[in-house]
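Open the model in your viewer and show it as a cartoon. The stops below move from the whole chain to single side chains.

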Amino acid sequence: MKKLITLLLVLVTLNGYSQVVIDNEKIEKLCFEIHNTYRDSSHQREIMEGCKKAADFQVDYLYKNNVVTHKNPTYGYQTQEERFSKFNTETIKLKDYYDNTKYKEYPKYDYDAEIITYCNNHSFKVDSLLEKNISKRIINNFVKSKGHFYGMTLNMYKGKNHYGYFSVRTKIIKYDEEKNLVYLNIYCVGVFGSEGYIPKNSLF
């Protein structure tokens, strides 16, 4: 009998939450679009898979452990820079400054920043604008923080290509069917990198 009651309670909970479907990937793309509106039109960032993988790695850790931190206990992935370099392994060969018959190998992409935000039990109206309103809330959190805003808008140097990604995980805390509101915990990690201009005569 106890097992039956427990099962019924679980089904009721699942049925309540099943009315709300949140598209995290859509939120991620919207976050990226909105963040670019704060950047100069000539220095727009492009989505890069390596940045996505680094952001996914950290946001999954935050979500699973209910923490907000740049640290990670996984060896080799403990810092922002380590995670970026693990997922962005492409290198370039440049001529040695003193002997152009030799070369040195350098990472193709430079780490720029990792930014994190968290929303606790925040309510959103369930309608066609749900994902857009979630993404606006996330970016607004970054904009309100001087350090995070700097991370979003930094490195607008001539001759650089700019990349990044926002990874988002959402957890439904409660759905108020009467008010048509969903209450969420939201985790977001943005990871950014850049590629400097290399003169052709410097390439090996």
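Helices (H or I, at least four residues) and strands (E, at least two) are DSSP runs, numbered from the N terminus. By that assignment the protein has 6 helices and 6 strands, in the sequence order α-α-β-α-α-β-β-β-α-α-β-β. This is a predicted model: local features need pLDDT of at least 70 and side-chain atom pairs count only at pLDDT 80 or more, while totals for chains, interfaces and linings use all residues. Residues are numbered from 1 along each chain as its sequence is written, and side-chain values use heavy atoms, with hydrogens and water left out.

**Whole chain.** Of the 204 residues, 38% are buried, where buried means under 20% relative accessible area, exposed over 50% and partly exposed in between (1.4 Å probe, protein chains only). Contacts are heavy atoms within 4.5 Å. Among contacts with a separation of 6 or more, 72% are between residues 24 or more positions apart.

**Ser167.** Select Ser167 in strand S5 (residues 161-176). Ser167 is buried because its relative accessibility is 0%. Beyond four places in sequence, the contacts of Ser167 include Glu28, Lys52, Asp56 and Tyr187.

Which residue forms a salt bridge with Asp56? Select Lys52: the N to O distance is 2.7 Å, a salt bridge being a side-chain nitrogen of Lys or Arg within 4 Å of a carboxyl oxygen of Asp or Glu. Both Asp56 and Lys52 lie in helix H3 (residues 49-65), 4 residues apart, about one turn of the helix. Asp56 is buried at 15%, whereas Lys52 is partly exposed at 24%.

Next select Arg169, which is buried at 16%. Glu28 forms a salt bridge with Arg169, with the closest N and O atoms 3.4 Å apart. Glu28 is in helix H2 (residues 24-36) and Arg169 in strand S5, 141 residues apart. Arg169 also meets Asp60 in a salt bridge of 2.7 Å, N to O. Asp60 is in helix H3, so this pair ties together parts 109 residues apart in sequence. Salt bridges that share partners join Glu28, Lys52, Asp56, Asp60 and Arg169 into one network.

**Asn141.** Finish at Asn141 in helix H5 (residues 130-144). Asn141 is buried at 14% relative accessibility and touches Thr117, Tyr118 and Cys119, not counting residues up to four places away in sequence.
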